[in-house]
Amino acid sequence: MPATADPWDVLVIGGGLAGLCAAISARKLGASVRLIESAPSESRGGNARHARNFRAAHGAPAWHSPGVYTADEFLSELRKASAPQFDEGLAQELIADTTGLASWLMDCGVRLQDPRVGVVPFSRRTAFLLGGGKAMLNALYQTAAGIGVVVGYGAEAVGLADRPDGGWSVEVAGAERQRIAARCVVVAAGGPGADPEWLRAHFGPAADGYSIRGCAYSNGHAMQMLIEAGARTVGDPTTCHIVAVDARGPRFDGGIVTRITAIPYGLVVDRDAARVDIESHDVGRTHYARWGPRIARCPGGVAFLILDAGALERAAPTALPAISADTIAALAGTLGLDADALARALEAFNAERSGRRHPLSGPPFFAFPMRPGLTFVHYGVAVDERMRVRRRDGGTVATLFAAGMIMAANILRSGYLAGLGLALAAVSGRRAGEAAARHAAG
Amino acid sequence: MPPDSAASEAERVLRICSACMYCDGLCPVFPALAGRHAYPANDLNYLANLCHNCRGCWYACQYAPPHPFAVNLPTALAALRRESYAETVWPRLLGRAFRRPALGAVLIVAAALAAMIAIVAASGSPAALWRVRAGPGSFYAAVPWSVMAGLAGVSIAWAIVSMAASTWRFWRAIAPKVPGRALWLAAGPALRDIVTLRHLGGGGPGCNDEDIRFSKRRRLFHHLMAGGVALDVAATLAAAACQDVFSWPPPYPLASLPVGLGAVGGVGVVVGAAGLLALEARADRAPSERGESVLNVAFLVALEVVALSGFALFALRDTAVMGPLLVVHIGTVVGLFVGLPAMKSLHAPFRAAALLRAAAEQKASEGKEGARAARVLSE
């Protein structure tokens, strides 16, 4: 195994948004920067590939972000979403950083969308990326390469050893096994969402039936490496963000399009065709994250949403067309459900009159098979305000940094806010990259 | 790709796009998908012709291969677009030229050769074509006016009638159900989009003409080529006016309106078409549909041949090769016009029709929103 003689100033592990922001920031301060991405180039970018917008505070309207969204408002919304115990001081600092985020990204070649173009919803809280997360990643990879960041694909960090000079030697598996020496290491390789074994260990065997909405490369192995090296953990490994997704979607990487949002318009049954009481029939966005755990508790971790033509028309378009049948018995047959039980459940559903809900008058009838879709886990490693990794036994490691979803649990212990993942990844990445470059420079 | 599978693949991909919509700022195809559940054939054909093949969505796509959804909207819509030409073109026999795009090139070459043979046959003795002639009336001494005007007139009339009929059939199929007023109000914005090629700006940064980098070269070269064609049409009209109104027979000097317009237009066509051919040659194949590439290349090469033979004729018109060059130039012009309804040229009126529908639907929704806003204010 060849060891590189001359250590890099900064080695960034992970080529998602946090890693790219860290690499670019460090390079802009003059550091020599190596970035390793475990995915091949066609699948690069981690879960930022599936993102669309980022949350950013702004004191005045900008062309890309109408109105005003103050840091105080941002913080109070975060406080409401997250469980009580979160690092409020760190949250304040990171929120303050989001005020300059849009212009920093644009300086790096990222294009934002004019809210008057297209059909994006009006949002003063979040700025939209023109073409979405992958378009942003393409721009950042181009910028990084242009300023001299050395990027390697298909390279996964599998070992972390300290060096006598205080730096690190990182063992990398890939096309060829190698060791990369660096004065500082930024770990930005994502949470443990896509590691089936880790999920089984924390969520039980039912986790095998979950769809993983993020990319298959975000397996948390680098996070595990930090924990083994003595990093303090934050958050609860059994708390996660789960939504209802189309059971026919792919195991990994379904992203936004397999999400099922029409639950308030129809009847949900389990595999025994028994009515599933999904208590809230509110169409509000925060309720997506309640339906997922409810489906996870159903027998076999599956459920079926039954709609009629009117309900389907009210629903948002879906990536996979609904399964349809002319009678409820035929629909039950297609879904492998007991026809009588499904008919009874439908009758009971229609007999109920609640709120604004429409009865399902069909035929024809439509159905979406559903399973839980895991977005991310509220768990990671503790960091200080420079994104330096905190040790279990107190203090921080001066040359080891964590950025992106791997540190998100410092300020988000439960729930979610739209655009928060990208915002946290970008600002924590920038902080980590700058701090690492400054430390490496001495 | 057989017709049904082109439509079903486009529908499969568009459903994923409609659930995603991350590209809605790139071009009008995506806003046209908003809230859509059904994809009738006419709407699919409309969407396929609204696509400018800018490929921005391919590089931005989170579901592109190796993702199992394997989304490739540019090729799916290009295949469907070709199929929409095939099923809409009039006369219907020409549909074959779009399903097997090399046939279009064969048609144009055959028509050009036939025209050349007809000209030579009509001019009496082929040997006489090689005689050195110069000055006013020398063209008609080589090729009689009646032959030249007859062939050109018939082929141009054919092109106009066929393309107008095809366009009318397409518009009838895709016309939006909007009030006439919305259509009228949309004419201006649609015309602006057509003339400026706004959507080859990719929503700002440009398009992925060749690869992952953004560029506005395709827009530039397309402007040069289309502007060149427009100037050449103007040159032809000017020549007709000189001859028929002012009784001044060709050839004309460089400083005349017909030759001046024709020369500038010809340079536009030569440079623009060459630029587009170079982009086609260098472009990343992954988001390219092979059949559409063949259509593009055949049309661009035909334009180049016509323009270059025109320049050759101008440069050598006082020599012994004038006669043969005149035969070649007129033959290629006739071939181009005969082939025009069965070539990529059909995309111009079809895209214009699609842009008109997009603008009309935009106006109609603005109208509804305006009415809603007024209602809210009055409440």
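Ala10(B) touches Leu44(B), Ala76(B), Leu77(B) and Leu80(B), leaving aside residues up to four places away in sequence; contact here means heavy atoms within 4.5 Å. Ala10(B) sits in helix 1 of chain B, residues 3-20. Helices (H or I, at least four residues) and strands (E, at least two) are DSSP runs, numbered from the N terminus. With a relative accessibility of 0%, Ala10(B) counts as buried. The word buried stands for under 20% relative accessible area, exposed for over 50% and partly exposed for what lies in between, using a 1.4 Å probe and protein chains only. Between Ala10(B) and Ala175(B) there are 165 residues of separation in sequence and 20 Å in space, C-alpha to C-alpha.

The model is a predicted one, in which local features need pLDDT of at least 70 and side-chain atom pairs count only at pLDDT 80 or more, while totals for chains, interfaces and linings use all residues. Residues are numbered from 1 along each chain as its sequence is written, chains are lettered from A and ligands numbered from 1 in the order in which they are written, and side-chain values use heavy atoms, with hydrogens and water left out.

Helix 1 (residues 17-28) and helix 5 (residues 133-146) of chain A pack at an angle of about 25 degrees, and their axes are 10 Å apart. The axes are lines fitted to C-alpha atoms, for helices over the stretch in contact, and the angles run from 0 to 180 degrees between N-to-C directions. Helix 1 and helix 5 of chain A are therefore roughly parallel to each other. Angles under 35 degrees count as roughly parallel, over 145 as roughly antiparallel, 65 to 115 as roughly perpendicular, and the rest as oblique. The crossing of helix 1 and helix 5 of chain A is left-handed; that term applies if the near helix is turned anticlockwise from the far one by less than a right angle, and right-handed applies if clockwise. On the helix 1 side of chain A, Leu17(A), Leu20(A) and Ile24(A) meet Met136(A), Leu137(A), Leu140(A), Tyr141(A), Thr143(A) and Ala144(A) of helix 5. By class, this contact has eight nonpolar residues, one polar and no charged. Ala, Val, Leu, Ile, Met, Phe, Trp, Tyr, Cys and Pro count as nonpolar, Asp, Glu, Lys and Arg as charged, and the others, Gly among them, as polar.

The second pair joins helix 2 (residues 71-81) and helix 3 (residues 88-98) of chain A, which pack at about 135 degrees with their axes 10 Å apart. That angle makes helix 2 of chain A oblique to helix 3 of chain A. Their crossing is right-handed. Ala71(A), Phe74(A), Leu75(A), Leu78(A) and Arg79(A) in helix 2 of chain A meet Glu88(A), Ala91(A), Gln92(A), Ile95(A) and Thr98(A) in helix 3 of chain A. The residues of this contact divide into six nonpolar, two polar and two charged.

Further along chain A, helix 7 (residues 221-228) has Ala222(A), Met223(A), Met225(A), Leu226(A) and Ile227(A) buried. Gly230(A), with a positive phi near 110 degrees, follows helix 7 of chain A.

Most residues other than glycine have a negative phi, and most peptide bonds are trans. Met387(A), although not a glycine, has a positive phi of about 70 degrees. Met387(A) lies in the loop between strand 14 (365-381) and strand 15 (388-390) of chain A, and is buried, with a relative accessible area of 0%. In chain B, Arg55(B) is likewise not a glycine and has a positive phi of about 70 degrees. Arg55(B) is placed in the loop between helix 2 (41-50) and helix 3 (56-60) of chain B, and is buried at a relative accessible area of 6%. A cis peptide bond joins Trp90(B) and Pro91(B), with omega about -5 degrees, and Pro91(B) lies in the loop between helix 4 (73-88) and helix 5 (95-99) of chain B.

Leu200(B) belongs to the loop between helix 9 (180-196) and helix 10 (217-244) of chain B. Leu200(B) counts as buried at 5% relative accessibility. Leu200(B) and Cys54(B) are 146 residues apart in sequence and 6.3 Å apart in space, C-alpha to C-alpha.
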